[in-house]
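Please look through the sequence and the structure shown here before reading on. The briefing that follows takes up the topics one at a time.

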Amino acid sequence: MDLFDELKELGVNTEEGLDQLMGNDALYKKLLGKFVNLMERMEIDPNFDNTNFADIIDKAHAVKGTSGNLFITPVYESYAEIVSLLRNNQPEEAKEVLLKIIPVQNKIIDCIKKYVPEA
Amino acid sequence: MADSLKKVLIVDDSETDREILKSIVGTKYAVIEAANGYIALEILLKSAMQIDLILLDVSMPVLNGFDVLRIMREKNIDDIPIFLITAEATKDNVEKAAPFRISEFIAKPFDRREIMRRLEAKLETTSLRDDEEFLADILNGSLDGILDNSQNRTSKGMQGDTQDFLNMLDGLLDL
């Protein structure tokens, strides 16, 4: 098992991710490391304020964009839903999605950290 | 050789997205990166660099993509094709983009083949147009010269040689 095998088991579409970068696995690893940094900067507290969540939309939007481009599919799909729910003024529903994805994203982050020391 | 490559300016605050776009676009074109709208405008307004196409992200802090477009228009920079990068082609984004000359919308997540297909189509069209304009300039300049020469000869009482003139015109049309 290597990084890509383990990520694949966690639902990351590593084949598409590598294809996006024309098979450049060193670059893919580097960008996965940057994704971990991004997740740390954009961490969302699931107890966010239901009446003022503009900054939560911005954070979720940033995670959605980067996870989508790196084919971290479970994270991308959940954050796309979170952005959509928040824009539709449904914070409680967004929190439910967030609570479900947090353990999955933590596993993905731990996996990347195991193989990418600079992450 | 690098100087002859078309130059694409990538404007995106996400380092990851810039890296991905650079890896895609850099296979065929020279890439210049700007991490925000200010840097992009500095490059466009102050550097002597000729940019052939801009990939411009909509969602950027402080100076977003639409702010950059507005300032470009105010400064009369309106001859560079712009591909607007957006995670969502929402009605709002499309409406905001309507007053500007946007060549294409690029959706996130990126599809590298689609990006390159559109980029090549745009840059090759621009290239062909430039070539046509260049040839038209040569042709117009040459014809002006021929007409001037013919007028000079007539004014000096020398009748122009019609066959020579036709030969020269044939030569020009072969260009």
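How much space lies in the largest pocket? About 780 Å³ of space lies in the largest pocket. This is a predicted model, in which local features need pLDDT of at least 70 and side-chain atom pairs count only at pLDDT 80 or more, while totals for chains, interfaces and linings use all residues. Residues are numbered from 1 along each chain as its sequence is written, chains are lettered from A and ligands numbered from 1 in the order in which they are written, and side-chain values use heavy atoms, with hydrogens and water left out.

**The largest pocket**

- A pocket here is an open set of points on a 1 Å grid over the protein atoms alone, where a 1.4 Å probe fits, with protein on both sides within 12 Å along at least five of seven lines, and its volume is the space filled by probe spheres set on the points.
- The lining, meaning residues with an atom within 4 Å of a point, comprises 34 residues, of which H61(A), A62(A), D13(B), D57(B) and S59(B) lie nearest the centre of the pocket.
- Two or more lining residues come from each of helix 3 (25–41) and helix 4 (54–69) of chain A, and from each of helix 1 (15–25), strand 4 (82–86) and helix 4 (91–97) of chain B, where helices (H or I, at least four residues) and strands (E, at least two) are DSSP runs numbered from the N terminus.
- By class, the lining of this pocket has 10 nonpolar, 11 polar and 13 charged residues, with Asp, Glu, Lys and Arg counted as charged and Gly among the polar ones.

**The interface of chain B and chain A**

- In contact (heavy atoms within 4.5 Å) are 18 residues of chain B and 19 residues of chain A.
- The buried area, which is the accessible area (1.4 Å probe) lost on putting the two parts together, summed over both, is about 1600 Å², and carbon and sulfur atoms give 52% of it.
- On the side of chain B, T16(B), P109(B) and R112(B) lose the most area to chain A, together 31% of what that side buries.

**Salt bridges**

- Across the interface of chain B and chain A the rule finds 4 salt bridges, and D19(A) and R113(B) meet through their side chains in a salt bridge (2.9 Å, N to O).
- Within chain A, the side chains of K114(A) and E6(A) form a salt bridge (3.0 Å, N to O).
- This pair links distant parts of the chain, with K114(A) in helix 6 (residues 91–115) and E6(A) in helix 1 (residues 3–9) of chain A, 108 residues apart.
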